[in-house]
Structure formats: C-alpha cells, structure tokens
Amino acid sequence: MTDTSHKPLIAAIIPAYNEEHSIGYVVMNLLEVAKTHQFNLDVIVVNDSSTDNTSQIAAKLDCILINLPSNLGIGGAVQTGFKYAFLKGYDFAMQVDGDGQHPPKEISKIILPALANEADVMIGSRFLEKSGFQSTFLRRLGINYFKHIIKVFCGIRVSDCTSGFRIINSKALEIVNSYYPDEYPEPESVIQFHQNNLTIKEVQVEMNEREGGKSSIRAFNTLYYMIKVTIAILFTYIRLKKHKIK
Amino acid sequence: MNVVPFRIQIITIFITLLFLIYIGRLIVKGKLREEYSFFWIVLAIILGVFSIWRDGLDIIAKSLGVYMAPNLVFTAAIFAIFVYLIHLSIVVSKLHNKNKDLTQEIAIMKTLLEDLHKKELTDKSENNQQLTKEHGTER
C-alpha cells in the first residue's frame with residue numbers, strides 16, 4: 001500500500017440501493033481494473049439503506065462500506081461518498097453505478113484523462129459516437145432535451161448529462177462537499193460545475209443494459225422527472241449566478 | 001339588535017377560549033414550538049375580537065367595499081391558509097436538508113469508527129506477534 005502513495009488517490013463511489021445481484025460484480029471489476037492499471041483506487045460503497053442483502057454482501061468485499069441509516073435517494077447517497085472522499089483527502093472521486101451499467105473496460109477511459117488533468121469533471125458519454133447500449137428512444141429524447149437546456153444556460157455541449165459515470169477532481173470535490181443536488185443530481189450538477197467555473201469534458205464510453213436493479217427513473221414518473229429537473233436547472237442557474245455576482 | 005345572535009356570540013367566545021387554552025397546553029407540554037404557535041394564537045385573538053365586537057365584521061367589510069361580509073371572511077381565511085401552507089413547506093424543506101446532513105454525518109462517522117476499531121485490533125495482534133517474535137509479512 002505504501003509504494004503507490006505518490007500516485008493520486010482515487011475514490012470510486014458506488015451508490016447502491018437494493019443491488020445485491022450486481023454489487024459484487026461491480027466492486028470486483030473495479031478492483032481488477034485498478035490492479036491492471038495500477039491505480040491507487042479505493043472502492044467506497046454507499047448503501048442507501050437497502051432492504052435486501054446489499055450491505056452484508058458489500059461487507060465481505062474489499063471496499064469501504066458506508067451504511068446510510070435512512071434512505072436519501074441517489075443524490076444524497078453519492079454526496080455521502082463525496083463527503084467521505086473530501087474528508088479523507090482523495091485527489092479524485094469517481095461515481096460508478098451499482099447496477100453493472102458501466103463495463104470495467106470503460107473505467108480506465110475516464111480515469112486516464114482525469115489523471116492527466118484534461119478537465120475538472122470527466123463524464124462518460126454514450127452519445128459522442130453511437131456505440132454500445134443506446135437506451136430507449138424516449139429516454140434519448142429526454143437526454144436531448146436536457147442537452148439543449150444546458151446549451152442555452154451554459155453554452156456548453158454535454159451530450160449525455162444524465163450519465164452517472166463520471167470522475168471529478170479535488171477542486172470539484174470541495175464544491176460537491178458543501179452542496180450537491182438531491183433527487184436527480186446528474187443534469188443539475190453539470191450546471192453546478194459549470195457555474196463554479198470548472199471545466200467539463202466528455203469521453204465516449206460504452207454502457208451495458210443494467211445487470212439488476214431498477215433505474216431511478218421509471219416510466220410513470222418520467223414527466224415528473226423532466227419537470228423537476230427543468231425547474232432545478234433553472235433555479236440552480238439563478239442561484240449560482242447571484243452567488244457569482246456577490 | 002335581536003336576541004338570537006347573542007347565543008352564537010357566547011358560543012364563539014367560549015370556543016375561542018377553549019382553543020387558546022388548548023394551544024397554551026400544547027406549548028406547555030412541549031408538543032408545539034412557540035414559533036409555530038404564533039399563527040394559532042393570532043388566529044384565536046382575531047376570532048375572539050370578532051365574537052365580542054359583533055358589528056366589527058360588517059364595518060370592516062363595508063369600509064373595504066365588500067358587499068357581503070362572509071365573502072371577506074372566506075377571502076381572508078383562504079389567503080391566510082395559503083401563506084401558512086407555504087410556511088409549512090419551508091419548514092419541511094429545512095427539516096429535510098438537516099435530516100440529510102445528519103444522516104450523512106452519522107453514516108460517515110460510523111464507517112470511520114469501525115475503521116478505528118479494526119486498526120486497534122490489528123495493532124494489538126501485531127504487538128502480540130512482535131512479543132512472540134513471529135511477525136508475518138502481512139500488514
């Protein structure tokens with residue numbers, strides 16, 4: 001453990017809610033990738049008070065397990081990981097979904113450019129080149145809608161702002177330590193990063209369909225999701241704009 | 001002035017008093033925080049004033065140009081309810097955020113504590129191993 005201490009420390013945060021079928025696979029893969037590329041990487045599993053055996057399974061794995069005493073939702077769970085990483089002084093924090101959507105061979109694709117300081121925030125995108133699992137038509141429509149909204153508010157192009165596959169550096173970590181959006185954090189946090197003058201870059205990755213578990217966005221509340229995120233983006237923009245002027 | 005409204009006047013004064021006593025009891029017992037009781041005390045006082053001052057409602061309605069006094073009551077009441085609901089939403093949002101922060105803090109502390117505990121155990125066993133001069137290569 002001591003011989004890699006000069007290398008930047010990476011925290012791989014896995015928010016897990018009822019992921020007993022996939023969590024083992026995801027953690028093992030991450031550790032495997034870290035070993036082959038010799039990353040100095042710790043896996044942090046944030047168990048969002050799952051009702052299944054996620055916690056027991058994760059406890060047996062070689063990872064840091066944070067058990068939330070009550071369910072906070074994806075945003076709160078990821079932020080817990082960020083807070084822990086900030087407290088422990090990690091140089092980078094990566095978010096990986098617990099459902100096996102992010103294939104192991106893609107992990108190094110977002111870590112390497114981040115380590116090379118290409119941007120403060122690296123986002124793994126499915127849509128830069130069309131390959132891999134492309135999601136359903138309706139979902140792509142939604143993602144496109146957000147792409148345009150973000151373009152209007154930030155003037156930057158983010159082709160896959162709902163992607164939970166991202167890595168941020170210590171500068172961004174300090175920001176998300178104090179505030180991170182709650183319910184559907186991915187599109188909102190893009191605005192947040194931009195308003196805080198962080199550079200955002202996307203890398204093409206391929207994603208699988210989820211191994212197990214459910215998407216946090218189910219069909220019947222899609223409309224709620226769209227409206228909520230739109231409002232959230234708008235107000236994040238206004239709030240942070242004011243903050244900037246002060 | 002006929003006699004019939006006199007009866008309702010007594011009833012309303014009585015109910016208002018009961019209401020005030022109930023609010024007071026809740027505060028004393030610590031079931032209602034003072035800052036949230038403010039709204040209810042003011043409401044009870046307004047009710048009390050209008051049950052004692054019988055012509056008050058008509059006079060105020062007329063001076064505001066409202067032809068039917070009950071309409072003024074409904075408008076004012078609905079407005080007050082909306083404002084109070086917004087206030088409650090703010091309170092809930094605040095609680096939600098505080099609750100989230102606490103949950104996160106507790107979870108992180110628990111993890112750190114377990115780490116410390118594990119470290120202590122391994123340190124102890126390492127010490128024991130050193131005592132018997134048999135320390136292995138694992139850390």
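How many helices and strands does chain B have? In this predicted model, for which local features require pLDDT of at least 70, side-chain atom pairs count only at pLDDT 80 or more, and totals for chains, interfaces and linings use all residues, chain B has four helices and zero strands. Helices (H or I, at least four residues) and strands (E, at least two) are taken as DSSP runs and numbered from the N terminus, and the elements of chain B run α-α-α-α from that end. Residues are numbered from 1 along each chain as its sequence is written, chains are lettered from A and ligands numbered from 1 in the order in which they are written, and side-chain values use heavy atoms, with hydrogens and water left out.

Of the 139 residues in chain B, 15% are buried, where buried means under 20% relative accessible area, exposed means over 50%, and partly exposed lies in between (1.4 Å probe, protein chains only). B:Gln9, which is placed in helix H1 (residues 4-29) of chain B, is buried with a relative accessible area of 12%; leaving aside neighbours within four places in sequence, B:Gln9 is in contact with B:Ser51, B:Ile52 and B:Arg54.

The interface between the two chains was examined next. The size of an interface is often given as the accessible area lost when the parts come together. With buried area defined as the accessible area (1.4 Å probe) that two parts lose on being put together, summed over both, chain B and chain A bury about 1200 Å² between them, 60% of it on carbon and sulfur atoms. In chain B, the residues that lose the most area to chain A are B:Lys100, B:Gln104 and B:Ile108, which together make up 39% of what that side buries. The contact involves 17 residues from chain A and 12 residues from chain B.

Six residue pairs, both members at pLDDT 80 or more, are in polar contact between chain B and chain A; a polar contact is a pair of N or O atoms within 3.5 Å, where within protein one must be able to donate a hydrogen and the other to accept it, and residues adjacent in sequence count only if both atoms are side-chain atoms. By class, the side of chain B that touches chain A has four nonpolar, four polar and four charged residues, with Ala, Val, Leu, Ile, Met, Phe, Trp, Tyr, Cys and Pro counted as nonpolar, Asp, Glu, Lys and Arg as charged, and the others, Gly among them, as polar. One salt bridge is found across this interface, a salt bridge being a side-chain nitrogen of Lys or Arg within 4 Å of a carboxyl oxygen of Asp or Glu. A:Lys83 and B:Asp101 form a salt bridge in which the closest N and O atoms are 3.5 Å apart.

Over all chains, the structure holds six salt bridges. Among them, A:Lys171 pairs with A:Asp120, the closest N and O atoms being 3.8 Å apart; A:Lys171 lies in helix H6 of chain A and A:Asp120 in the loop between helix H4 (104-115) and strand E5 (121-125), so the pair ties together parts that are 51 residues apart in sequence. A:Asp120 counts as buried at 10% relative accessibility. A:Asp160 forms another salt bridge, with A:Arg126, at 2.8 Å between the closest N and O atoms. Because A:Asp160 lies in the loop between H5 and strand E6 (166-169) of chain A and A:Arg126 in the loop between E5 and H5, this pair ties together parts that are 34 residues apart in sequence. Both A:Asp160 and A:Arg126 are buried.

Nine aromatic pairs are present over all chains, the rings of Phe, Tyr and Trp (its six-membered ring) being paired if their centres lie within 6.5 Å, with planes under 30 degrees apart counted as stacked, over 60 as edge-to-face and the rest as tilted. A:Phe82 and A:Tyr180 form an edge-to-face pair, 5.3 Å centre to centre with 80° between the planes, and both residues are buried.

Note on methods. Contact = heavy atoms within 4.5 Å.
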